Amino acid sequence: MADAPRKAPDNPSLRIRILFGEDAMLGPGKADLLERIGETGSIAAAGRAMSMSYKRAWMLVMEMNAAFRDPLVESTRGGARGGGARLTDAGSTVLAHYRKLEDITAKAGAERIGAIQSMLRNTPIGR
């Protein structure tokens, strides 16, 4: 039995992954995690919001902190008042640069993305 054709999204999205050599990268998942940590003040809550285990979220934070000259996330251990996490100035700056790069790239590539989309099957543009 053949699979039914999938409908392409009306508004395509562009996802950027920046590779800094073999061991360091920054992409949409890590950027979203940073953003959620900034919003929630918690690595665990940020991970939950992304359907990610605390262990996975913590590992990604450790990877980012190890990759950059200054840590991007600062955390405090739990206790009577509970723990927490916050973006450092470096974390806020890296996230802002990444989001700006997304905006610039989406605007610069919009015409070509539209041209590619128009060649797809089952899209409003390609019908």
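The expected span of a helix is taken as 1.5 Å times one less than its number of residues, where helices (H or I, at least four residues) and strands (E, at least two) are DSSP runs numbered from the N terminus. The structure is a predicted model, in which local features need pLDDT of at least 70, side-chain atom pairs count only at pLDDT 80 or more, and totals for chains, interfaces and linings use all residues. Residues are numbered from 1 along each chain as its sequence is written, and side-chain values use heavy atoms, with hydrogens and water left out.

**Figure 1. The chain as a whole, with its four helices and four strands.** Along the sequence, these elements follow the pattern β-β-α-α-α-β-β-α. Of the 127 residues, 28% count as buried, a term that stands for under 20% relative accessible area, whereas exposed means over 50% and partly exposed lies in between (1.4 Å probe, protein chains only). Where contact means heavy atoms within 4.5 Å, 47% of the contacts between residues at least 6 apart in sequence join residues at least 24 apart. The accessible surface of the chain, from the Shrake-Rupley method with a 1.4 Å probe, comes to about 9200 Å², and 53% of this area belongs to carbon and sulfur atoms.

Figure 2. The buried residues of α1 are Pro-28, Lys-30, Ala-31, Asp-32, Leu-33, Leu-34 and Ile-37, and they pack against β2 (24–26), α2 (43–49), α3 (54–67), β3 (73–76), β4 (84–87) and α4 (89–117). Just after the helix, Gly-41 takes a positive phi of about 70 degrees.

**Figure 3. The crossing of α1 and α3.** The axes of the two helices, which are lines fitted to C-alpha atoms over the stretch in contact, with angles running from 0 to 180 degrees between N-to-C directions, come within 11 Å and cross at roughly 100 degrees. That angle makes α1 roughly perpendicular to α3, a class that covers 65 to 115 degrees. From α1, the contact is made by Lys-30, Leu-33, Leu-34 and Ile-37, and from α3 by Ala-57, Leu-60, Val-61, Glu-63 and Met-64. By class, seven of these residues are nonpolar, none is polar and two are charged, where Ala, Val, Leu, Ile, Met, Phe, Trp, Tyr, Cys and Pro count as nonpolar, Asp, Glu, Lys and Arg as charged, and the others, Gly among them, as polar.

**Figure 4. Ser-51 in the loop between α2 and α3.** Although Ser-51 is not a glycine, it has a positive phi of about 55 degrees. Ser-51 counts as exposed, with 73% relative accessibility.

**Figure 5. Arg-99 in helix α4.** Arg-99 is buried, its relative accessible area being 18%. Leaving out residues up to four places away in sequence, Arg-99 touches Ala-31, Asp-32 and Glu-35. Arg-99 and Asp-32 are 67 residues apart in sequence, and their C-alpha atoms are 9.9 Å apart in space.

**Figure 6. Trp-58 in helix α3.** With a relative accessible area of 30%, Trp-58 is partly exposed. Apart from its neighbours within four places in sequence, Trp-58 is in contact with Ile-43 and Ser-75. Trp-58 and Ala-44, which are 14 residues apart in sequence, are 8.0 Å apart in space from C-alpha to C-alpha.

How values were computed
Angles under 35 degrees count as roughly parallel, over 145 as roughly antiparallel, 65 to 115 as roughly perpendicular and the rest as oblique.
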